[in-house]
Amino acid sequence: MTVDYVNNPNQRTPCVLVLDASYSMSSRTKSGKTRIEHLNEGLHALEDALKSDPIALTRVQISIVIVGGPNSQAELLMDWTDANHFTAFDLKPAGNTPLAEGLQLGLELAEEGKNTILSNGVSLTRPWMIVISDGDPTSSASAWKEATLATREAETNNKVEIFPIAVEGASIEKMNQISHKPCAQLSGMKFKELFVWISDSMSKYAQSRPGDNITLPNTDPWRDVGL
Amino acid sequence: MLSTKWDYSISSVVGSSHVDRGQGKQDNSNLLEDDNGNISFCISDGAGSSKNSEVSSKIVTNFINQEFLKIPDLINSKGKGPWINDFIIQVVIDLRAKLFDTFKNYDLRDYHCTLVAGLVFEKTAIVVHVGDGFILAGKNEEVANKNIFNKSLYFSKPENGEYKNETYFITEPIWLKHLRIQVLPDIDWLIAGSDGGEDILSFGEKLQDNEVLKFLDDAAKQKSLKEKNDYIFQVLNSDVANSRTKDDKSLCLLFSENIDKQKKLNWAPEEKLIKDFYPVPKPIQNPIPRTSIVRPQVNTYQRPLAPTQEYNDPNEFISEYGVFSILLMIIKRMYFGSLEKVSFYIEWVIHQIIKFKIYSAIIALLVFLFLFLLIKFLFSNDQINLNDSVNFNDPVNLSDPVKEIDVKDKNMILTPEVITNSDVIEESVNNGASVNELITDAIENDITNDTKNEDTSLDKDVTNGEKVTTGNDNET
């Protein structure tokens, strides 16, 4: 069982990770590792960080959508999973970058996750959607326009909080269209730091009280992040 | 003097997260008792994002308590009636006016705070609530040697927004929409708290019957007012409390003195319980169809990865898999490697095209190429006349007119002299040889003759002792 509301009726902070697993992620970096290897290390760091934080462990819920991959499409790779049941796994890069379809799927998942949590009599904070991509989306222009309109509208209507993160080489212009917030740029391949930051931020957000102004953890380890 | 006297205790404690952030206590709680034993209590939770909520929540608790204690006298003179609602609304309006006046500002977003308040007189409570926090009250029934504490329960629930970390404040312009006033008749005990206080008695954001009963039971054992206050302070500061919330926490407890505290406190399961106030979770009736979410058939992420064995000795690896399998592995890896590389470059090119928007340039280039090929095809002037009028397989008739033919880019005049120069040719003609054969022979003869002539001329030059010059004379 990946989600357990009976033994853990704590409030939840759902988070959809929309990850780029297109073939371009297999390009090697200066460190000699491929980008996807860095990303996979990041996922493992996320698991460790979540499991070392007692609040995050009981409150954070994760699902993963990949863009690209063996089927070269946007697909649900990991359904909603409580942080204590989350086990990191490795992604394999292949295919194109249909990011627009990935965003739409992410929005649907966030909405669905929220309804499921509420129908189980558990309260929640606003769902998060973290989008990480390293290239230009290969979605059609119309699909991209539709998807970015939907994400910005969802943000305006408090449906979801979106954090677009551009890996080196990504089109900043396109990534900036996803959210009202400017996209953060990942310097180097600091996926590990990124995912630890995500865990810390979600933990902070998960325990936020009404009227709280959340100050997300400092992004000093990777200064380029302008969150 | 009232017939019912009340024991009371109230306390607020700063949350550990506020200590970490260097913030003060934003929860404020206050309780006033008048000479007649009427009690007014108020808890106000200042919002973390509002920088002056610490101050505003203090003003709120003091003001509300003083104003609410005017109600019993008014009831005595006017009698009970709907005017009490209007009076309470007027108190809040006056409170907001005081805040505007104090902070010299009509925008109170820096002073946001919630309101959990009430007036207790005789056995009745009038409770007023805006935002989160809670008020829980009940009637006691003495049966034989025990107190049934949940004979009737009243609960003013916290009101959150769409999400748990959103609520409503008395300092917001829309406060009236979220103001809840309840009259709780005939009660013997009452607990009120901020959201932090609620967390202490909750599991999964829901107040728990057993936790509340334990809290009441332990509090009832404390005899003096000081002991009761100490007990609440101790509960708020306990490790359990700190593990459940990092927020400020406040609790207020009122006991009717009519309760015989020597008797054991009980919670009758057949009576209404706290959990009955919460909606029963039920699946969504009409879920929105989500066609695009395809659930993966196999949860690969759940499947533990097969342990990979490491081979230190190549021979061990070979004996494990066999040479043929290893060869296949290598071929497979090479094949897929190159295929992936090709697909990567194709993708890269497509990316570049999309990135630089050079669709039009590529189309123009293709059109130009097409036109170029078309023109070249239409105006090409290849002249091959060899087959035009001579049938090379026919026997040669020497009296035919002279033909000019193009053989290997050499224009050669076929004259009867050239052809008949050789006896062999003549013989061949007589034997019925074709033009092809004749031409080949003639050319070969010519070439051998030319070479012979050149060789002899070269010999001549050398033997005459003259300088052999090639190219430009000026060089020598």
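Q: What counts as a helix or a strand here?
A: Both are DSSP runs, numbered from the N terminus: helices are H or I with at least four residues, strands are E with at least two.

Q: Where is Lys139(B) found?
A: Lys139(B) sits in strand S6 of chain B, residues 134-143. The model is predicted, so local features need pLDDT of at least 70 and side-chain atom pairs count only at pLDDT 80 or more, while totals for chains, interfaces and linings use all residues. Residues are numbered from 1 along each chain as its sequence is written, chains are lettered from A and ligands numbered from 1 in the order written, and side-chain values use heavy atoms, leaving out hydrogens and water.

Q: Why does Lys139(B) count as partly exposed?
A: Because its relative accessibility is 24%. Buried is under 20% relative accessible area, exposed is over 50%, and partly exposed is in between (1.4 Å probe, protein chains only).

Q: Which side chain does Lys139(B) join in a polar contact?
A: That of Asp186(B), at 3.3 Å. A polar contact is a pair of N or O atoms within 3.5 Å; within protein, one must be able to donate a hydrogen and the other to accept it, and residues adjacent in sequence count only if both atoms are side-chain atoms.

Q: How far apart are Lys139(B) and Lys123(B) in space?
A: 9.5 Å, C-alpha to C-alpha. In sequence they are 16 residues apart.

Q: New topic. Where does Val323(B) lie?
A: In helix H10 of chain B.

Q: Is Val323(B) buried or exposed?
A: Val323(B) counts as exposed, because its relative accessibility is 55%.
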